[in-house]
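This briefing goes through one structure by topic. Keep the sequence and the 3D view open while reading.

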Amino acid sequence: MSIAELVKGGERTASGRGDAVTTLAASKPSPARRAKNALATGAVVAAVVLTAVPLTLVIWAAIRRGSERLDLTLFTHSMRGVVGAGGGLLHALTGTLLITAATAAIAIPLGLSTAIYLTEYGSGGRLAAITRRAVDIMVSIPSIVAGLAAYALFSLLLGPGTRSGLAGAVALAMIMIPVVVRSSEEVLRLVPADLREAGLALGSPKWRVIRKIVLPTALPGLTAGAVLGVARIIGETAPLLLVAGFTDAMNYNLAEGRMATLPVFIYTQWSSKGLDTAAYDQRAWAGALVLMAVVVVLQLAARALPPQIAKIRRNR
Amino acid sequence: MRLGKIKQVALWATAGLVVAALAGCAANEAAEGAAGASKSSDGTNDEQLSGQLNGAGASSQSAAQEAWKAGFISLQSDVTVNYDPVGSGTGREQFTAGGLGFVGTDAPFSADEASGGGQASCAADSPLVEVPVYISPIVVAFNLDGIDELKLAPAVIADIFTGKITNWNDPAIAADNSGVELPDLKISPVHRSDKSGTTGNFTDYLAATAPDNWTAGETEEWPAEGGEGAEKTQGMVEALTAGNGAIGYVDAGQAASLSWASIKVGTEWVAASAEGAAKAVAESSLEEGRGEGDVVYELNRTTDAAGAYPLILVSYLAACEKYEDAETGKLVAAYFKYVTSDDGQQAAAANAGSAPLTAEEGLSAKVSAAVARIGA
Amino acid sequence: MTDSRVAVSGGPAGRRSYGERVFSGSMKGAAIAVALILVGVLVFLAAKGGPAFGDGEGDLPAHATNFLALALPLAFGSVWVAVVALLFAALPAIGVALAATIYAPSARFGRFLGAVLDLLAAVPSVVFGLWGLKVLAPAMVPLFEWLHAKLGWLPFFSGDPSVTGRTVLTASVVVAVMILPIMAAMCRESFALTPPALIEAAYALGATRWEMVRSAVLPVARSGIVAGGMLGLGRALGETMAVAMVLSATPDLISFNVISSENPSTIAAFIASTFPESTGSRVNALIALGLVLFGISLLVSIAGRRIAKKGAQA
């Protein structure tokens, strides 16, 4: 608390003075100004500490509690037929990977194509304006509302109470599409116009210029955007709880039946326990650790995809 | 460059992860199919069945169902049993709408619904079989530094949860707890904020035993003003674990780490126990006007039988006497037989902390007779 | 709808090759699909949730007598938790963003801090939920007592403090930790856009680093900071699992007290906890609540964009 007040206090005193650049003409800062500067630096350091502390605690808790059950069984077993201790999360890990892959398969092509349309074809047009507005609105869809929408859609199509991995992927795609559109659009705009014009001047049709010049140039940024989108949805719990449900056995079929996912696995291990509560808590924390590891590995892997992409990224 | 190497490793790790997760079946699932056949000779089920049995309903049973599913597939390795803890009401609606083999429910079907017809999951005009399978004591649990035993009469409990008694050193509490040094501390009553069978049974108990102090009647959604509302059983447990001075009500199976209060039954003080819970069911009478396979109890909350603990939750399994599909009937009959057997009840007791109904012979006989009607 | 008109105005179709038409057509198709998805979301929600707006007692969860009585306290709770979380997260987010840009001792450190923030934005909310209820909530109780003793005259800290720690304050701290990386990332982006000439000019005039930040960096980035805050607020409004796990809620309560054992619930947490055991008209009521939440977060994002635009013009 005291640190936050310090920051606030620093700002308040500073705002009392005129802040135009011209008032700072003195060549050597007075002690008061130097003190204020030091205070501000201190506040920035404090902000970093204040941020780092809870986040470190969260990660530390996940590592410490999660490693209690980080054994081989965890990755080779599902929860089918498991009573009390033991069991694993293979079914949830598989479900998360399948649903995430399905979500990406919906959201990345759709989002990227939309971004290409917005930057290369439709700029200034009416459809582009409408789509851009739609994307703006979609960004503000809370994830649980996306889950409700997917539920409403699938219950209209297949009757109430349907749960499936696909419904989960549809809900998550609603969250991921705007992320992909926005980041892709930004990256595509960064591609120099000269490159496009050079291609067009050589007589290539526009679509070939886009495919052969614009997209390869933007690839690292596009990949980063896609990974950002995946990272945004892979830990989503609420929509999956509503439409993908939970099961304790393997399910490879996205189209039918409930499918377990890591976030929902963590939640259910915490929320419905048997007598041996410690075993359930351990599995929950182990699930949290695995989920976080999956996210970290995904992000690092995306940066490594082709080495030259990483190189371009670093130069950017 | 070192960073580059880490990223390369990460890339391969991702690939490995995907391959491992997508290619491999779960070790436990593959093993069952192969090893199960050898187990078929022992056990009560002579005939080996196969197929899928779908049930849904009360979440209170989920830990017990976990144990039953595991125990049942160790006898019938080719059968898959699914239980969806969607809640009692939703489970009953799904059963009536069709497509479920059985349903678990904290509140039984009405006598009318159970008497026959109108259940799309059953053969036409088939009456329902309903049996109590999960009997769980509900404990009044509290967190007070240095105190692990308390005696609380129903009227006192009602006054605490309605906010009339607000301090632990209140004379009403002290009167029943001579020798206990009650602290001068605010009471923080915690109730369930979600709709739950536990709340339903707790309020039913208070309404029956302390009607003057508890006027809200029986309700699955907490009716009273004030108090902390905790989400689900685990929210309640976390709140009681963290809060000095907190008091709440929890299924006994989830309350092992908390202190339990004894409640007043007749003139005795009784602590929650599996035997006491089964005894309280045995002391209750069957609800009248129901069919022979419809074993539904009207719980006697005001019993004064020695050792009975009437603050209990009784959850039922419901099924049809006749199914359109005879195979489903066989599966349901075998599953119910296992669940109500001593093995099944002991398995539930070990994982969920419930009271085995087989502890009471009269109860057990009625249940077995009802189960025998399924698919017969 | 407007498809045909747009297609005609697309360009001189006759001169374009087959491949060009297929490619540009499918790109346009995607854009139309995205717009239609949004329309679909609204239609499905309205179709399922619409009837609930007129519902009376019995059709609604939690003993509400009409839809407004159900939605109003929950909407209040959503906004209240989100605003308190924003108050906690705003200054640290700006500070961290400054540390990653202007104050970074090296570009490498700035990049490192940025990467760490990206990573933290991806920590799943259930993990925060677990941490909040197992670790943070018990640790907050002494703080509540202190706040009540020292600041009990404020409505936020009056009344008996909770002994379980599962209060609005705890939930807000958890949500603040979750939205902090998102807000910091936005601020970092806009700080990085400060024209170097402006920074150099400030230094040339003898400004200290802090004076440079105040006079050059913050004014330029103001709209970015506001936009980041609004993004964080929007995310906080929609946060579900962490709140549902950490907060002990009374769904029909409106209260500004942040340390009481009685707390308002939020729309998202209420939906998540009630949905699995709801049927029929109660599901419709929850979907209607989802529409209300959508409306609130839409208002927030529109407001954010307005302010950002105004800042850009000034």
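The model is predicted.

**C:Met230 and its helix**
- C:Met230 sits in helix α8 of chain C, which covers residues 209–238.
- C:Met230 counts as buried because 24 other C-beta atoms lie within 10 Å, and the cut-off for buried is 20 or more.
- C:Ser215 is 15 residues away from C:Met230 along the chain, and 23 Å separate the C-alpha atoms of the two.

**Helix α6 of chain A**
- Helix α6 of chain A runs over residues 143–158; its 16 residues should span 22 Å at 1.5 Å a residue, and this agrees with its end C-alpha atoms, which are 22 Å apart.
- Of the 16 residues in α6(A), 12 are buried, so the helix is mostly covered.
- Among the buried residues of α6(A) are A:Ser143, A:Gly147, A:Ala149 and A:Phe154.

**Helix α7 of chain A and its kink**
- Helix α7 of chain A takes in residues 165–190; at 1.5 Å a residue its 26 residues should span 38 Å, and the end C-alpha atoms are 36 Å apart, which agrees.
- Where does α7(A) have a kink of about 35 degrees? The kink lies at A:Met174, shortly before the proline A:Pro178.
- α7(A) is mostly covered, with 23 of its 26 residues buried.
- Leaving aside neighbours within four places in sequence, A:Met174 has contacts that include A:Ala146 and A:Ala149, as well as C:Ile37 and C:Val41.

**The largest nonpolar core**
- The largest nonpolar core holds 334 residues, and A:Ala149 and A:Met174 are among those with the most contacts inside it.
- Helix α3 of chain C (residues 67–100) gives the most to this core, with 21 residues.
- Domain 1 and domain 2 of chain B each supply at least three residues to this core.

**Where chain C touches chain A**
- Contacts between the two chains involve 71 residues of chain C and 84 residues of chain A.
- On the chain C side, helix α2 (residues 18–49) gives the most, with 20 residues.
- By class, this side of chain C has 49 nonpolar, 16 polar and 6 charged residues.

**Chain B**
- Chain B contains 13 helices and 13 strands.
- Chain B has 376 residues, of which 54% count as buried.
- Among contacts in chain B between residues at least 6 apart in sequence, 73% join residues at least 24 apart.
- Chain B is divided into domain 1 (14–136 + 283–301 + 311–371) and domain 2 (137–277).
- The centres of the two domains, taken over C-alpha atoms, are 31 Å apart.
- How many residues of domain 1 of chain B are in contact with domain 2 of chain B? There are 19, in contact with 17 residues of domain 2.
- On the domain 1 side, β4 (128–143), β13 (312–320) and α12 (342–352) of chain B each give two or more residues.
- The largest share of that side, 3 residues, comes from β13(B).
- The residues of that side of domain 1 divide into 11 nonpolar, 6 polar and 2 charged.

How values were computed. Residues numbered from 1 in each chain as written. Chains lettered and ligands numbered in written order. Predicted model: local features only at pLDDT ≥ 70, side-chain atom pairs only at ≥ 80, totals over all residues. Helix = DSSP H or I, 4+ residues; strand = E, 2+ residues; numbered from the N terminus. Expected span 1.5 Å × (residues − 1). Contact = placed C-beta atoms within 7 Å. Nonpolar A, V, L, I, M, F, W, Y, C, P; charged D, E, K, R; others polar. Core = buried A, V, L, I, M, F, W, Y, C linked by C-beta atoms within 7 Å. Domains from an automatic or database assignment. Bend = angle between axes of the 7 residues up to and from the residue.
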